[in-house]
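Visitor: Could you walk me through this model? I would like to go through it piece by piece.

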Amino acid sequence: MKTYRICLLPGDGIGPEIIAEGVKVLDAVGEKYGVGFTYDEALIGGVAIDEMGEALPAATLAAAKASDAVLLAAVGGPKWDTTDPARPRPEQGLLGIRKELGLYANLRPVTIFEALAGASTLKPEVVDGVDLVIVRELTGGLYFGERERFYDEEGAGPDGGNGQRAYDTLEYREYEIRRIARHAFEMARKRRSKVCSIDKANVLETSRLWREIVHEVAADYPDVELSDMLVDNAAMQLIKAPAQFDVVVTENMFGDILSDEASMLSGSLGMLASASLGDGVALYEPSHGSAPDIAGQGIANPLAQILSVEMMLRYSFGMREAADDVLAAVTAVLDAGFRTGDIADASTPEDRVVGTEMMGSLVAEQIQPTE
Ligand code: NAD
Ligand code: IPM
Ligand code: MN
């Protein structure tokens, strides 16, 4: 039997609750397709800080590297929030594993499930026809630039004070832009052949380099239509006319912000899956965080996690049919009217509002071995 080894990183907050539902779906897929999935659970984020003193213990990185794919839930929470730069933060674990695994391409597909048209805060006619994917550069830019916090007279200024200063550096290298641009164009070829590159080239030098390199890459893809858009306008266009987008490619921080915004087209941040790809082992995780406000209540939406499993099957294991099954299973459960609280609207009957576990089970039950 073909066997895949999956490194599980539940992390913090709702993480353990939703990852269990991802595993349920994987097990159902394994049963149907005669494939074995073995799980290797490791610590990351706040729980890793508590138990090991650091957000990304060496053993976790080793487990990830030894796996065929990594499934992560979420990290972070108020318990570990600190403004002291000397103290470890859960998010460092996530950034660390992205960097160590070379996961420079983060794909965040915004798919509208018809049944959820009413769950979006936008009018149904605005979200009608939306089918876009954000290709976010994930290992460069402000997240990984040189940074410092220090004291000096200039920081104090005329009013005195402690004189603190801080900076983060936004830097991009040509090769980093080229490889993410290629990824976006390749993806566009499999979709509607449109790439919109989002930057702030009217102000930032990094964005001017970004635009130049993206256009250079575009020359190799004459069949793909390229447009540029400034990020402030893009934030507006995503709400005004989101159906205009096919593949959106952008730098790390813009992609972070725009993807949370775009998630609301589908009805909830709890619906937005993601795949983080590089040249080796890939990592799959929902785009949302640890949702501390609802953690431990069994009400989190596990669908972003489950749809991340769908992406794992597709991209890491080449199990296209199984991935389509997961998508069909989610669609069927939503069509039957089942909703977690975040995607329930006024028309959802009370008995169809379900918790995390129930939603996971309903999806898994749809994936039946064929007789
Ligand atoms: P968040 O994404 O955790 O939550 C934002 C809002 O969306 C909350 O109201 C939350 O309840 C809701 N939400 C998120 N996921 C949901 C789901 N699956 N089902 C239902 N509702 C859901 O963002 P935040 O509150 O700004 O951050 C909380 C912590 O998570 C922070 O420590 C942050 O650093 C971390 N974070 C981690 C990741 C990650 O691990 N990939 C991503 C984003 C934020
Ligand atoms: C995400 C998250 C992370 C990011 C944080 C937790 C470091 O918001 O995956 O979108 O900003 O990349
Ligand atoms: Mn984010």
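Visitor: Which element gives the most to the shell around ligand 2?
Guide: H4 does, with 3 residues; helices (H or I, at least four residues) and strands (E, at least two) are DSSP runs, numbered from the N terminus. Before going on, this is a predicted model, in which local features need pLDDT of at least 70, side-chain atom pairs count only at pLDDT 80 or more, and totals for chains, interfaces and linings use all residues. Residues are numbered from 1 along each chain as its sequence is written, while chains are lettered from A and ligands numbered from 1 in the order in which they are written.

Visitor: And which residues surround ligand 2?
Guide: They are Gly76, Glu91, Leu94, Leu95, Asp256, Ser287 and Gly289, where a residue counts as near if its C-beta atom, placed from the backbone, lies within 6 Å of the molecule. By class, that shell has 2 nonpolar, 3 polar and 2 charged residues; Ala, Val, Leu, Ile, Met, Phe, Trp, Tyr, Cys and Pro count as nonpolar, Asp, Glu, Lys and Arg as charged, and the others, Gly among them, as polar.

Visitor: How many residues surround ligand 1?
Guide: There are 20, and the closest are Gly76, Gly270, His288, Gly289 and Asn301. The shell around ligand 1 has 9 nonpolar, 7 polar and 4 charged residues.

Visitor: Changing topic, what domains does the chain have?
Guide: The assignment, which is automatic or from a database, gives domain 1 (1-103 + 271-371) and domain 2 (131-264). Their contact (C-beta atoms, placed from the backbone, within 7 Å) takes 10 residues from domain 1 and 7 residues from domain 2. On the domain 1 side, helix H4 (residues 90-100) gives the most, with 3 residues.

Visitor: How far apart are the centres of those two domains?
Guide: Taken over C-alpha atoms, the centres of domain 1 and domain 2 are separated by 26 Å.

Visitor: What about the sheet, in what order do its strands run?
Guide: The 10 strands form an open sheet with mixed pairing, in the order S2-S1-S3-S12-S11-S4-S5-S10-S8-S9, and two strands pair if DSSP finds at least two bridges between them. Strand S2 (35-41) and strand S9 (225-230) stand at the edges with a single partner strand each, so one side of each has no neighbour in the sheet.

Visitor: In what sense do S4 and S11 pair?
Guide: Strand S4 (residues 105-111) and strand S11 (residues 275-277) pair in the antiparallel sense over 3 bridges, and alanine 105 stands opposite leucine 277 in S11.

Key:
Two residues are in contact if their C-beta atoms, placed from the backbone, lie within 7 Å.
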